[in-house]
Amino acid sequence: MFKKILIANRGEIAMRVIRTCKEMGIKSVAVYSTADAESLHVRFADEAVCIGPAPSSESYLKMSNIIAAAEITNADAIHPGYGFLSENAKFSKICEEHEIKFIGASAEMIDRMGDKASAKSTMIEAGVPCVPGSEGIIPDFKTCIKVAQETGYPVMLKASAGGGGKGMRAVWKEEDLQNAWESARQESKAAFGNDDMYMEKLIEEPRHIEIQIVGDSNGRACHLSERDCSVQRRHQKLTEETPSPFMTDELREKMGEAAVKAAEYIKYEGAGTVEFLVDKHRNFYFMEMNTRIQVEHPITEQVVDYDLIREQILVAAGVPISGKNYIPQLHSIECRINAEDPYKDFRPSPGKITNLHLPGGHGVRIDTHVYSGYTIPPNYDSMIAKLITTAQTREEAINKMKRALDEFVVEGIKTTVHFHRQLMDHPDYVSGNYTTKFMEDFEMKEPED
């Protein structure tokens, strides 16, 4: 087992990893930028190393600085969390070259599954249902026209190196195809330095449902059931729940089998998710695989009583998994609390938290790195906390979330607390009748005095 793990991340996920390290008797090393000197992860780790100034390109993305921090503290493993370098094949390879265990996917695995076109062709080989569309990269616009005609409109153009909705265009008729092709390629080139495009059938009334999987070094994998991540804004998740209100026992079994098949086919090692689009007829199609821990992993932990960070560490140390598939016994919902103003198009709201009261009580979990007096820097993702409620039924979990949101007080900055409170009362959310298009018609109501 590892003696010391460096966490190459910040904020709540760094705190989350530190807690499990302490429970396992493993020393932890925090890294931080100058903007994060007062963050809780710096205070609670056994050691802390400053790795650069505020810009992430000069700190959390600076591989040489992170490797140097690991070497001077004698860390024998690095946990990347999510975001930053968590799915960077080069960083995974550098860790291996320095004989530091990267608690995540191998460079080969990241390359194979990180490129969406490559991932899709791999899943087709594995027999996992995939959305109809192009076989790999589309070389030119002439081919693009042909593939669209064969697939059938509407279609979705996607950047092969894309993420966060960049380089994506929905096309409903052929006369709009060329403009979409050109603008998507330009956006992808600017964002990722790569303008390779592929095409898929546009799934109408889709739900975004992912299956949590864990694989070990022996090639075995298991799943921990699903999470419904359909409530999104600009392809960024806002809230998640498990089990999905759209799920049936038959669909869960089929999707779980497909996810395990995908993981075992590529001999995946570590925690990851296989993400699917599910249409209104409950047909499901592979979308992508995330080769890291997800922001929303706590709701899975709550309903199956399973520490995913601990399992990541054990698998990285060579411990085999049980091979058991898990079915949720409870219902859990996560609301991402962001430092954003939902009344002004979710504009970021960095600044000093002048007063903070966190909710508590039975079935309430909060993962956060902030406190009263903490200043949220403008340099990073705006999420400041994850509020998770867990109960016997979905109705009880929603009611518990309403109560917890009513108790959640953050002063000095704007947050999405009021948005989530309104969401919990929305008839379509309460009934479970929502898709990835839900936020397009959602209107914020000004709070009453």
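A residue is called buried here when its relative accessible area is under 20%, exposed when that area is over 50%, and partly exposed in between, as computed with a 1.4 Å probe on protein chains only. The model is predicted, and local features need pLDDT of at least 70, side-chain atom pairs count only at pLDDT 80 or more, and totals for chains, interfaces and linings use all residues. Residues are numbered from 1 along each chain as its sequence is written, and side-chain values use heavy atoms, with hydrogens and water left out.

By that definition Ser225 is buried, with a relative accessible area of 1%. Ser225 is found in strand 10, residues 221-233, where helices (H or I, at least four residues) and strands (E, at least two) are DSSP runs numbered from the N terminus. Although Ser225 is not a glycine, it has a positive phi of about 70 degrees. Arg282 is another residue other than glycine with a positive phi, near 65 degrees, but this residue is found in the loop between strand 12 and strand 13 (284-290) and counts as partly exposed at 34% relative accessibility.

Ser225 is also one of the residues that Gln212 touches, among them Cys222, His223, Leu224, Arg227, Ala271, Gly272, Thr273, Thr300 and Leu308, when residues up to four places away in sequence are not counted; contact means heavy atoms within 4.5 Å. Gln212 is found in strand 9, residues 207-215, and is buried, with a relative accessible area of 2%. The C-alpha atoms of Gln212 and Gly412, which are 200 residues apart along the chain, are separated by 37 Å.

Which residues of helix 8 are buried? They are Leu177, Ala180, Trp181, Ala184 and Ser188. Seen down the axis of helix 8, these buried residues fall within an arc of 100 degrees, so they line one face of the helix; the arc is that of the directions from the helix axis to the C-beta atoms. The face turned away from the buried side of helix 8 carries the exposed residues Asn179, Gln186 and Ala190. The cover over the buried residues of helix 8 includes helix 7 (141-151), strand 6 (155-159), strand 7 (169-171) and strand 8 (197-201). After helix 8 comes Gly193, whose phi is positive, near 70 degrees.

The peptide bond from Tyr153 to Pro154 is cis, with omega near 0 degrees. A cis peptide bond also leads from Thr242 to Pro243, with omega near -5 degrees, and Pro243 is found in the loop between strand 11 and helix 9 (249-265).

Strand 11 (236-242) is included in what covers the buried residues of helix 12, together with strand 14 (331-338), strand 19 (364-368), strand 21 (383-391), helix 13 (417-423) and helix 14 (427-431). The buried residues of helix 12 are Arg394, Ala397, Ile398, Lys400, Met401, Lys402, Ala404 and Leu405. At 1.5 Å a residue, the 14 residues of helix 12 (residues 394-407) should span 20 Å, and its end C-alpha atoms are 20 Å apart, which agrees.

A cavity is a set of points, on a 1 Å grid over the protein atoms alone, where a 1.4 Å probe fits but cannot get out, and its lining residues have an atom within 4 Å of a point. Grid points are joined across faces, edges and corners, and a volume is the space filled by probe spheres set on the points. By this rule there are 2 cavities of 30 Å³ or more.

The largest cavity has a volume of about 50 Å³ and is lined by Phe102, Ile103, Gly104, Glu269, Gly270, Ala271, Gln312, Val315 and Ala316. Two or more residues of this lining come from each of strand 12 (270-278) and helix 11 (308-316), and helix 11 gives the most, with 3 residues. The second largest cavity holds about 40 Å³ of space, and its lining consists of Arg10, His369, Ile376, Pro377, Asp381, Ser382, Met383 and Ile384.

Note on methods: On a 1 Å grid over the protein atoms alone, a cavity is a set of points where a 1.4 Å probe fits but cannot get out, and a pocket is an open set with protein on both sides within 12 Å along at least five of seven lines; lining residues have an atom within 4 Å of a point. The expected span of a helix is 1.5 Å times one less than its number of residues.
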